[in-house]
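Hi,

Here is the structure I said I would pass on. Have a look at it first, and then read my notes below.

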Amino acid sequence: MGSSRAYPVYRTDDLDEAYRRARVLCARMRPLEPEMWLCAQATTVTEARSLGVLMPTGLFEPSYDWAADVWYLGAALPGGDRELAAVLPLTVDSYAAPGPVEGALLRALGEGAATLLWYGAWPWVPEIPSHSADPTNQRVELDVNGEHPDGRHTVYVHFRSADEAGAAHLAAAIGGAVLGPVQVGR
């Protein structure tokens with residue numbers, strides 16, 4: 001899909017509220033993909049086991065050693081807790097149908113970081129100048145447990161190209177504001 005231009009539009013310590021506002025933005029998009037992307041870091045055995053059950057075909061890799069050719073499918077994590085603890089933290093990424101997986105991921109996560117990406121097309125309104133017939137790189141992102149002094153959970157809106165006016169329009173729809181400059185997105 002390539003990289004997008006992302007704007008942070010809402011940040012809080014209240015995960016439920018950040019998730020709710022991300023879903024409000026998703027409702028404004030025309031869905032394009034039958035799946036969303038999930039990426040999470042398991043820092044404990046309990047988190048890893050929960051995420052493995054939730055994402056049995058997800059690819060789990062040791063977070064500290066990306067160069068090592070070691071990975072596990074969620075359904076095939078090391079069987080013993082001691083063996084699993086030895087490879088923590090693990091980062092998993094997977095695609096899944098939106099819906100129940102989202103809440104289950106957030107409940108299983110604990111203190112690990114996560115990113116949820118929903119793909120869609122922004123509405124064609126004058127307030128979103130970058131809307132186009134090709135909605136590549138238009139999406140909503142929720143980053144969980146990030147390190148920000150003004151809140152751990154951040155909602156981003158993505159566009160194919162820079163569009164601060166569009167970001168401000170979407171931010172206003174959720175009671176947010178553009179919180180910083182445009183960033184290269186996922």
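N145 sits in the loop between β8 (139-144) and β9, where helices (H or I, at least four residues) and strands (E, at least two) are DSSP runs, numbered from the N terminus. Its phi is near 60°, a positive value in a residue other than glycine. N145 counts as buried, at 14% relative accessibility; buried means under 20% relative accessible area, exposed over 50%, and partly exposed in between (1.4 Å probe, protein chains only).

Before you go further, note that this is a predicted model, so local features need pLDDT of at least 70 and side-chain atom pairs count only at pLDDT 80 or more, while totals for chains, interfaces and linings use all residues. Residues are numbered from 1 along each chain as its sequence is written, and side-chain values use heavy atoms, with hydrogens and water left out.

Another loop to look at is the one between α3 (81-86) and β6 (90-96), which holds P89. A cis peptide bond joins L88 and P89, with omega at about -5°.

Now the aromatic rings. Rings of Phe, Tyr and Trp (its six-membered ring) pair if their centres lie within 6.5 Å; planes under 30 degrees apart count as stacked, over 60 as edge-to-face and the rest as tilted. By this rule there are three aromatic pairs. In one of them, the ring centres of Y7 and F159 are 6.2 Å apart and the planes are at 70°, so this pair is edge-to-face. Y7 belongs to strand β1 (residues 5-12) and F159 to strand β9 (residues 153-159), so the pair ties together parts that are 152 residues apart in sequence. Both Y7 and F159 are buried.

Y19 and W118 have their ring centres 6.5 Å apart and their planes at 45°, so they form a tilted pair. This pair also links distant parts of the chain, with Y19 in helix α1 (residues 15-28) and W118 in strand β7 (residues 114-121), 99 residues apart. W118 is buried, with a relative accessible area of 3%. Ring pairs also link Y7, W122 and F159 into a cluster.

On to the helices. Two packed helices are described by the angle between their axes and the distance between the axes. The axes are lines fitted to C-alpha atoms, for helices over the stretch in contact, and angles run from 0 to 180 degrees between N-to-C directions.

How do α1 and α4 cross? The axes of α1 and helix α4 (residues 100-109) come within 12 Å and cross at roughly 160°. That makes α1 roughly antiparallel to α4 (angles under 35 degrees count as roughly parallel, over 145 as roughly antiparallel, 65 to 115 as roughly perpendicular and the rest as oblique). On the α1 side, L15, Y19 and R23 meet E102, G103 and L106 in α4, where contact means heavy atoms within 4.5 Å.

Helix α2 (residues 45-54) packs on α4 too, at an angle of about 165° and with the axes 9 Å apart. That makes α2 roughly antiparallel to α4. The contact is made by E47, S50, L51 and L54 of α2 and V101, A104, L105, A108 and L109 of α4.

Finally, α1 and helix α5 (residues 164-173) pack at an angle of about 120°, with their axes 9 Å apart. That makes α1 oblique to α5. Here V24, L25 and R28 in α1 meet H169, L170 and A173 in α5.

Cheers
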